[in-house]
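Biologist: Before I rely on the labels attached to this model, I would like to hear how each of them was reached. Please set the values against the definitions as we go.

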Amino acid sequence: MASSSGTSSGSSMLQNSGSEEDLQVLMDQRKRKRMISNRESARRSRMRKQKHLDDLMAQMAELKKENNQIITSVNITSQHYMNIEAENSVLRAQADELSNRLQSLNEIVSFLNASNGVFAAGDSSSFNEPTDSFFNPLNLSYLNQPIMASAAEMFHY
């Protein structure tokens, strides 16, 4: 009996070791399958990361291009502004000069009109006026109106 029990315990060990080997093989297969799945998942993750990086690089290039266009536009606009500002400065100086000249001419006309009254009221025996008052430089009655100019008249284009 001892021999049969020994044999049976030996065969049971073989069965146990056989099922342990099967279990180990099954665990190794699962481990290998999980490892392959993890590698594939990591590869997909790297691909997504690379695609995201490529998208960001393309977006960055587009934004740089847009930024350069905006900078160019701002520079052109600034140059136009500076040109117009310089032109306005010249026009203001010209307007001031013309205003001063107009004021001087109005003062001359006022002086001549005032002088004309002095000579006309003076002794006629000492000063003979020509009969045609248009040609008399001291009789400027036709210039009694002050000289006026508007901005539109001063700067016609």
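**Salt bridges and how they are called**

Modeller: Let me begin with glutamate 40 and arginine 44, whose side chains meet in a salt bridge with an N to O distance of 4.0 Å. This is a predicted model, in which local features need pLDDT of at least 70 and side-chain atom pairs count only at pLDDT 80 or more, whereas totals for chains, interfaces and linings use all residues. Residues are numbered from 1 along each chain as its sequence is written, and side-chain values use heavy atoms, with hydrogens and water left out.

Biologist: What makes the contact of glutamate 40 and arginine 44 a salt bridge?

Modeller: The term requires a side-chain nitrogen of Lys or Arg within 4 Å of a carboxyl oxygen of Asp or Glu. The pair is given at 4.0 Å, N to O, and is therefore called a salt bridge under that definition.

Biologist: How are glutamate 40 and arginine 44 placed in helix α1?

Modeller: They are four residues apart in helix α1, and so are separated by about one helical turn; glutamate 40 and arginine 43, three residues apart, both lie in that helix as well. Helices here are DSSP runs of H or I with at least four residues, strands are E runs of at least two, and both are numbered from the N terminus. The protein has two helices and zero strands.

Biologist: Why is lysine 51 called exposed, while aspartate 55 is called partly exposed?

Modeller: Buried means under 20% relative accessible area, exposed means over 50%, and partly exposed lies in between, with a 1.4 Å probe and protein chains only. Lysine 51 has 51% relative accessibility and therefore counts as exposed, whereas aspartate 55 has 41% and so counts as partly exposed. The side chains of lysine 51 and aspartate 55 meet in a salt bridge at 3.1 Å, N to O.

Biologist: Which label do glutamate 40 and arginine 44 receive?

Modeller: Glutamate 40, at 31% relative accessibility, counts as partly exposed, and arginine 44 receives that label at 40%. Across the protein, buried residues make up 5% of the 157 residues.

Biologist: What makes Leu23, Leu26 and Met27 a nonpolar surface patch?

Modeller: Patches are made of residues with over 30% relative accessible area and no salt bridge, where nonpolar side chains (Val, Leu, Ile, Met, Phe, Trp, Tyr) are joined within 5 Å and like charges within 9 Å. Leucine 23, found in helix α1 (residues 2-121), has a relative accessible area of 47% and is therefore partly exposed. The patch made by Leu23, Leu26 and Met27 covers about 270 Å², with accessible areas taken from the Shrake-Rupley method with a 1.4 Å probe, for which only the protein chains shown count as cover for residues.

Biologist: How confident is the predictor in the protein, as given by its mean pLDDT?

Modeller: On this scale, the predictor's confidence in each residue from 0 to 100, the mean is 79, and 62% of the residues reach 70 or more. Over residues 1-8 the pLDDT stays under 50, and the model has zero contacts beyond four places in sequence for them, a contact being heavy atoms within 4.5 Å.
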